[in-house]
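Hi,

Here is the structure I promised to pass on to you. Please have a look at it first; my notes on what turned up follow below.

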Amino acid sequence: MKNTHPQGSAQTLAGRITEWLTFDNMHHQWLLLAACFWVIFMFMVASKFITLTFKDPDAYSAKQEFLFLTAVPDAGKLPGEKHFSEELKPTRKVLSDSRLVQPLVYMERLELIRNACRDEALKNLSHTAVSKFVLDRIFVCDKHKILFCQTPKVGNTQWKKVLIVLNGAFPSIEEIPENVVHDHEKNGLPRLSSFSDAEIQKRLKTYFKFFIVRDPFERLISAFKDKFVHNPRFEPWYRHEIAPGIIRKYRRNRTETRGIQFEDFVRYLGDPNHRWLDLQFGDHIIHWVTYVELCAPCEIKYSVIGHHETLEDDAPYILKEAGIDHLVSYPTIPPGITVYNKTKVERYFLGISKRDIRRLYARFEGDFKLFGYQKPDFLLN
């Protein structure tokens, strides 16, 4: 019997062929997609293996160094200063979890410093020679290639404990006696100034470097309370030698018989001619001189700048950046202790003349601008 619908049969056959081709094409697409997922999965497994291998403490010394550029400006030498004209290239160690990019906030802090250092209007407030005074502030951990610049009244005792443990003087932070932390004959923390010029330059070029800052005025309040009011470590020279020297020169009411007041302290610090007293006081001034004078942030390119106000985040980050987070932890931070206290600042400056506060700000303006602290207009205007 003849087929009376040849055209319909052909259409049916063409439809079946089209369906088969579509199915075959989808089959290949699924196979290709499965292959892609398999490659991605194997890559993730390999990456995890590499990360775990990198975190091996035995492989710690093999970490690479990432170099930045810095230079020491030409400055007039003062007695006992060491100057480094050669370019210093500080480092940032590779993170222990293989992350190579800093969180934005830490990059912004470093960029802010770089911009402020280039500001000609701030030059006298942002630059200082890398003198012996600065090198005396920087503690060294050769074992883990770390330099820590001491900024008193910003939680430095805890960071010293971390370095003491890393240097091997004590097995844990809890076992360090409090009287040993600040005894540099016993705490096992060498100062950068104790090395030769060549060794100093080598460490400044290749070591991980950091320090901590806090609101400049709040830090001054802390220094005043610690040294002239409470004096917990019994350092009698602050009350019996330094305080009388400040009172003699800066107290306006000569009939006032009380001990040193914060107003006297502010006048001393804001006096453009304060240096003659600084020389008499010696290294005791480290508790209230500027961060610029202590750590030379425009001359030494630090790897990380921590802020006291965000120490809960910054401390773990610094440990990780330095590659030591698997070896030591920062001591527990009491809740609220690092929060900026505007009420306390207002209370301490209450009754002090605007002229004296403005002179104080003029001296510490570099610290405010280098580290992103807001100008205290509520005190100045």
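**Aromatic pairs and a few other finds**

Please keep in mind throughout that the model is predicted.

The ring of Phe-349 has a partner in Phe-262: the centres are 5.2 Å apart and the planes stand at 85 degrees, so the two rings form an edge-to-face pair. Phe-262 belongs to helix α10 (residues 262–270) and Phe-349 to helix α14 (residues 342–349), so their pairing ties together parts that are 87 residues apart in sequence. Phe-262 is buried too, at a relative accessible area of 6%.

How many aromatic pairs does a search of the whole structure find? The count is 27. Another of them joins Phe-217 and Phe-368, whose ring centres are 5.2 Å apart with the planes at 90 degrees, so this pair is also edge-to-face. Here helix α8 (residues 216–230) supplies Phe-217 and helix α15 (residues 354–370) supplies Phe-368, so the pair links parts that are 151 residues apart in sequence. Phe-217 is buried at 1% relative accessible area, and Phe-368 is likewise buried at 1%.

The charged end of Lys-342 sits over the ring of Phe-378, 4.7 Å from its centre. Lys-249 lies over the face of Tyr-250, at 5.5 Å from the ring centre.

Most residues other than glycine have a negative phi. Lys-145, however, has a positive phi of about 55 degrees; you will find Lys-145 in the loop between β3 (138–141) and β4 (146–149). Lys-153 has a positive phi as well, of about 75 degrees, and is located in the loop between β4 and α5 (156–166). Are these two lysines buried or exposed? Lys-145 is partly exposed, with a relative accessible area of 37%, whereas Lys-153 counts as buried at 17%, because the cut-off for buried is under 20%.

Finally, the overall picture. The protein chain has 16 helices and 6 strands, and 45% of its 381 residues count as buried. Among contacts with a separation of 6 or more, 72% are between residues 24 or more positions apart. The accessible surface comes to about 20,600 Å², and carbon and sulfur atoms account for 59% of that.

Enjoy exploring, and do write back with your thoughts.

Best wishes

Key:
Residues numbered from 1 in each chain as written. Predicted model: local features only at pLDDT ≥ 70, side-chain atom pairs only at ≥ 80, totals over all residues. Heavy atoms only, no water. Helix = DSSP H or I, 4+ residues; strand = E, 2+ residues; numbered from the N terminus. Buried < 20%, exposed > 50% of the residue type's maximum accessible area, 1.4 Å probe, protein only. Contact = heavy atoms within 4.5 Å. Areas by Shrake-Rupley, 256 points an atom, 1.4 Å probe, with all protein chains shown as cover. Phe/Tyr/Trp six-rings, centres within 6.5 Å; stacked < 30°, edge-to-face > 60°. Lys NZ or Arg CZ within 6 Å of the ring centre and 35° of its normal.
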